[in-house]
Amino acid sequence: MSASTFGSGIRRREDPRLITGSAAYTDDIVLPGTLHAAMLRSPYAHARINGIDTSAASEASGVVAVYTHADTVDEIAPAPCAWLLPNSGLTIAEYHCVAKDTVRYVGDIVAVVVAESCSQAYDALDLIDVDYEPLDAVIAPKAAAAEDAPQLHDEIKGNQAFHWTVTGGGDIDEAFGAADVVVKETIVQQRLIPNAMEPRAALARYVQATGELTLWNTTQNPHIVRFLCSLVNGVPEDKLRVIAPEVGGGFGSKIAVYPADFITVFCSKKLGVPVKWVETRSENYQATTHGRDHVQEIEMAATSDGRITGLRATVHAGMGAYLSTAAPGIPTILHGLMLSGVYDIPAIHEDVYGIYTNTTPVEAYRGAGRPEATFMVERLVDLLASRLGLDPAEVRRRNFIPKFDDGHDVVTGLTYDSGDYDGALTKLLGKAGYEGLRAEQAAAREKGRHIGLGLSTYVEICGLGPSQVAGAIGFQGGLWESAILRFHPSGKVNVMIGASPHGQGEETTFAQIVAGELGVSPEDVKVIHGDTESTPMGWGTYGSRTTAVGGAALALAARKIRDKAKIIAAHLLEAAVEDMEYEDGNFFVKGSPDTGKTIQDIALMANVAWNMPEGVEAGLEATSFYDPPNFVFPYGAHLAVVEVDSETGNVELKRYIAVDDCGPQINPVIVEGQVHGGIVQGIGQAMWEEGVYDEDGQLLTGTMLDYALPRADRLPDIEVHSTVTPSPHHPLGVKGIGEAGTIASTAAVYNAVIDALQPLGVASVNMPLTPERVWRSIQESQGRN
Amino acid sequence: MKIPVSITINGRRYDRNVAPRLLLVHFIRDVLGLTGTKVGCDTSQCGACTVLLDGVSAKACTCLAVQADGTSITTIEGLAGDDGLHPLQESFWNKHGLQCGFCTPGMIMASHELLRCNPDPSAEEIRHGLEGNLCRCTGYQNIVRAVQDAAAGGSQ
């Protein structure tokens, strides 16, 4: 097999088990003697608990144990927040895994029942009598920041979790004072509910005789689960094994380590038998983390010829009732530092207020901070174009950072790695037939039809990231990745990685990396991940980092193998190492490729070690730790074409064209799949999805009936194109692609709808752009009630 | 109270006594240990539990095990034949019609029903036919391609 496997769209090695029903997700794993846990969750958004009577539940058929706060407090520490954002006045509310005397969102855990069967556990929940004293609740982040708002946590003033700022470049007030034009907007980035198709689950098996714990968990980052579980449950890390078996999507919602996970571990420790907990979908809506929930007040300063001179923003970010594991870094580091977008903006200032509200905690959700940043910038650029009567593509071009291939500094302090933003836009406009579409739009307008075109040109930060930076920004962990590459005597390969993909296909792409580096067939490479006992440490799959960071670790491990193999080959061929050459799995003396040694020959010789060079260890195995020198910055340009029916407010997405640049593509079919899925999630935000609470804090969108997920029949085929700009600092040149689509698409669709509505005088509509909202906005702008 | 049922799944007959409230999907997963069929929601929206009940697709969460007494069911585990994968399984694999795989068993069974009713569907008909099955990973596009490919005998 040849190195050309790198870059080919081979079909996935994961799929045979998934298409036959043979894959084992957490809930599919059955251990003898397993008991089942069910969580009693608060029906109130904010209430005092005056008493709990568990006696009837304890007596119920099949019930083995019922635990409340008093039973658990000494053995389960509060759920930790692990991103301690510096210089922000961060206040972390104590997040008791089982609520102490107050519940603060619908879904806060009040008690747990453990029973012989799942149905018995759920039946017993109904028998627990909790005496609640309802308190006033506050839902919207700005309302919660107001002076007279109900207070969630006694020790925290004004419900403020943090106040973070980013200031860069020239004086922001001067920029606005001197501006020819200022455009302003208030944007509501509505709350989204991730909805990974596999509900969350935990199966804990604690063996009291040995003190060893195994936890099967629906997680994106098993090594972080082990670390945090050891702290919270008091099981030493060396006796704690976490397994992420097959994991059915995450999108950020399986980063956090949740109270229910810690409680399940506690139950198994206490009872000495395996305990399983699987959330229902309704529970997922209530208590698995949400995303977004920003109110953004934004403005842009510019010259009369459309050059951006400043960007200023105030954001109120709803954090939910408690700070989830990585929550503080999402609306700040991953958001505010990206406000320059693809443009040279000379002055930027943003204030972000993280606010506690009586809602489900908010975490990373696909894109995590960057979609909210891209939307702000791309919306303002369109407003500027509209104000100046210029085409949105032209305004973008006047402000793009010029093409660069080895670093460009923006005023927020980041150094982008490489990019050709104008190149991506030019390709997009060509593929879309932009001029023709504008002519079509003009002709349609003559006939009273409302077609709109929406651009989104984005850059995003991923491949998280240098560990030194992680420390500086308060992330309580490293951000490197590691890989072990091991040749067996037969020439077959095992790869053990610390990252933990859950649908992204790295069992295939990582085999392709090995194939590219060492000339073996990807069929001969098995990639092992997700088990802390059989894989080296890694920090997880999120922030589009698995291939960008883990893939680099693997490539470097393969190169170590190549170096060692070359020494062994030289010895076997009785040649000097410096006379050796390597090509596509073959090591040979210069000029004699036909009498070389294959990597398989060398694997056998290294493993039997009958004839090794002096001082060279037996075996053909390498471990590599890769700590990236910088983030990677994929980018692209997207265009949405919509038609709005002004009579009904219905938005039809007619075309969606994307150009993305994630550097060299290891497997273009998988890249395309990531782009499809990402774009559709962003379209979902623009058009349908919203997590809605009523004013008392009841979640009104608490099932798949009420929360509008994208469905097959509502979407056009997405037209996917790419450009290829390698990252200069990455061993393979690759960037991430898991989140790019989502980061770009919400703004593209939104801009298209506002473009369509422009003749009707509609300047803004809050997302999602449902027919009712669009119709109302048309009526209002037309002066009709 | 337990009620006796006799249900044939993937060609094998299972005689069990079940609680009246037991859902078919839990009978398949928890009683019989056939975990290929998934539970993704509790309101019959996601379609992850879709099986063939007497040859016709059904969401196994909308049916009690006792209602399925005497029926013959095919789950994802029973779709492949002696000569290998079912054409739909091949097409989902070849067209990258899955990512995390959790919706896939239900999606393949729903596609089976779609092609039973309409052996040569347009892309639009496929999209309409699969609107009762949710996928959060793929954006559906490669699922549509996979079904088209299967309809064309794997030639697309």
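In this predicted model, the centres of domain 1 of chain B and domain 2 of chain B, taken over C-alpha atoms, are separated by 21 Å. The domain assignment of chain B places domain 1 at residues 3-78 and domain 2 at residues 87-151.

The two domains touch through 15 residues from domain 1 of chain B and 12 residues from domain 2 of chain B. On the side of domain 1 of chain B that touches domain 2 of chain B, the elements giving two or more residues are β3 (50-53) and β4 (56-59) of chain B. With three residues, β3(B) gives the most to that side of domain 1 of chain B. By class, this side of domain 1 of chain B has seven nonpolar, seven polar and one charged residues.

The second contact is between the chains. Chain A brings 43 residues to it and chain B brings 42 residues. At least two residues of the side of chain A that touches chain B are supplied by each of α1 (15-19), α9 (281-287) and α19 (668-687) of chain A. The largest share of that side of chain A comes from α19(A), with seven residues.

| Class on the side of chain A that touches chain B | Count |
|---|---|
| Nonpolar | 20 residues |
| Polar | 13 residues |

Definitions and conventions:
Residues are numbered from 1 along each chain as its sequence is written. Chains are lettered from A and ligands numbered from 1 in the order in which they are written. This is a predicted model: local features need pLDDT of at least 70, side-chain atom pairs count only at pLDDT 80 or more; totals for chains, interfaces and linings use all residues. Domain bounds come from an automatic or database domain assignment. Two residues are in contact if their C-beta atoms, placed from the backbone, lie within 7 Å. Helices (H or I, at least four residues) and strands (E, at least two) are DSSP runs, numbered from the N terminus. Ala, Val, Leu, Ile, Met, Phe, Trp, Tyr, Cys and Pro count as nonpolar, Asp, Glu, Lys and Arg as charged, and the others, Gly among them, as polar.
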